[in-house]
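Me: Could you walk me through how to read the protein surfaces in this model?

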Protein chains: 2
Amino acid sequence: MQSYTEENYLKTIYHLAEKTTNVQTNAIAEQMQTKPASVTDMIKKLADKGLVDYIKYQGVTLTEIGKNTAVDIVRKHRLWEVFLVDKLNFKWDEVHDVAEELEHIRSVELIERLDEFLGFPKADPHGDPIPDKNGRFAKTQFIKLIELKVGDSGTITGVSQHSSAFLKHLEKLGLTLGKQIKINDVTDFDGSVEILLSDKQVNISREVAKHILISSNGKN
Amino acid sequence: MQSYTEENYLKTIYHLAEKTTNVQTNAIAEQMQTKPASVTDMIKKLADKGLVDYIKYQGVTLTEIGKNTAVDIVRKHRLWEVFLVDKLNFKWDEVHDVAEELEHIRSVELIERLDEFLGFPKADPHGDPIPDKNGRFAKTQFIKLIELKVGDSGTITGVSQHSSAFLKHLEKLGLTLGKQIKINDVTDFDGSVEILLSDKQVNISREVAKHILISSNGKN
DNA sequence: AAAAATTTTTAGATTTACCTAAAAATAAAA
DNA sequence: TTTTATTTTTAGGTAAATCTAAAAATTTTT
């Protein structure tokens, strides 16, 4: 069994490995709000426990067991987020910190029953896929909104940024999950994007457009 | 803010103080599955933080702040137990350990919304009263079943023992919360009690009878 | 009230997850 | 290919929560 801290390291390594091939000590330290020296210590410990493969100065990768553990924590995190939003009426920008605590509750039974209670949801309130109890989940086929061309349309199905500030901003613009959008124009000057959102015209910055994920309906 | 460990000490002291006037180091140690020396260390720390009053060799009492903190943890524990039983279909003998973890999740918002989601329950699945968000709860007027006389009747409204073995035993006998009972006879030989439970005759040992709490309908 | 038993505390260690500062390895630039 | 910069690791230390063994205080028994 792992400590909360160990679980958090595994989760962080898992998420970093989704973006970069080799996960670096400094990246982990930054993510975990700690110092590189502490990361090295912990990585050694995780390696001793067979949860990561580690070669000095070469970064880490999760072992099969380490990856399963990480996926299980991700599953719990996302299920709890669904619970908070669907059952307790939290907003999508309010759930992260609480789920960060709830994800460490150790009870297989609890999570299976929660999953059932929630109706076996496939995605969390931010559109991130929820692994099933065997750790399997569909590799989602998202496109960043920024990559769409003028005239393309699609449905908002996720975000790649979970900060409260960002999510509140989207909410205010009406850009929530499930909404249909169409690209009207891309401004040369600043790269901002003109979107058609159910008759309304909405302008979003390039920075915002980068973090909205679309399941495309193809070209117009 | 307190660590999980500190919270557990406060909760333990609170529960012990319900039974004995002055809470002793050894009693805390036994309850917490730790050694008296460790308890002394922790008590000093809690005293420094103003959560308990402590005089060497004289035991501890909770301060106002300490008590409020303890009651808040009890509230969270009991609300989570209701959630587990009412919403996730756990049995009353399966919820204690999970609630023991959930009670430490730190989010005022979460607990208030959970309370509302559950319909502001007044008691947990074992009949223990749930403090409201201001820490207030009705002092329940229970009588131990063992104290009833032949001919007395009442309703099972609580238990004073939460072990899975005990609760499973009650379940098997049909002695669950809300059930009406009447005392038919008390056996001279072993002090066991004959109960009338909706037409059926049930015999329970003295030991079991001690831990069943009744809200009495008075004499017959 | 002295002796014996019990309870509680102190002293000194251990483990976990951190830290800082300095050294070593690797990568990038001149 | 040296030099410089960056990244990572090592070495040595700290705070929290625990432990064992021994000393001190309190309570009970004789």
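Reply: We will go through the surfaces facing the DNA and then the contact between the chains. This is a predicted model, in which local features need pLDDT of at least 70 and side-chain atom pairs count only at pLDDT 80 or more, while totals for chains, interfaces and linings use all residues. Residues are numbered from 1 along each chain as its sequence is written, and chains are lettered from A and ligands numbered from 1 in the order in which they are written.

Me: How many residues surround DNA strand C, and which are the closest?

Reply: A residue is near a strand if its C-beta atom, placed from the backbone, lies within 6 Å of it. For DNA strand C there are 20 such residues, the closest being A:S3, A:A37, B:Q24, B:N26 and B:A37.

Me: Which helices each supply at least two residues of that surface near DNA strand C?

Reply: Helices are DSSP runs (H or I, at least four residues), numbered from the N terminus. Here α1 (4-19) and α3 (36-48) of chain A do so, together with α2 (25-32) and α3 (36-48) of chain B, and α3(A) provides the largest share, five residues.

Me: What surrounds DNA strand D?

Reply: DNA strand D is surrounded by 20 residues, with A:Q24, A:N26, A:A37, B:S3 and B:A37 the closest, and α3(B) gives the most to this surface, with five residues.

Me: How many residues does each chain bring to the contact?

Reply: Two residues are in contact if their C-beta atoms, placed from the backbone, lie within 7 Å. The contact takes 13 residues from chain A and 13 residues from chain B; on the side of chain A that touches chain B, α6(A) gives the most, with four residues.
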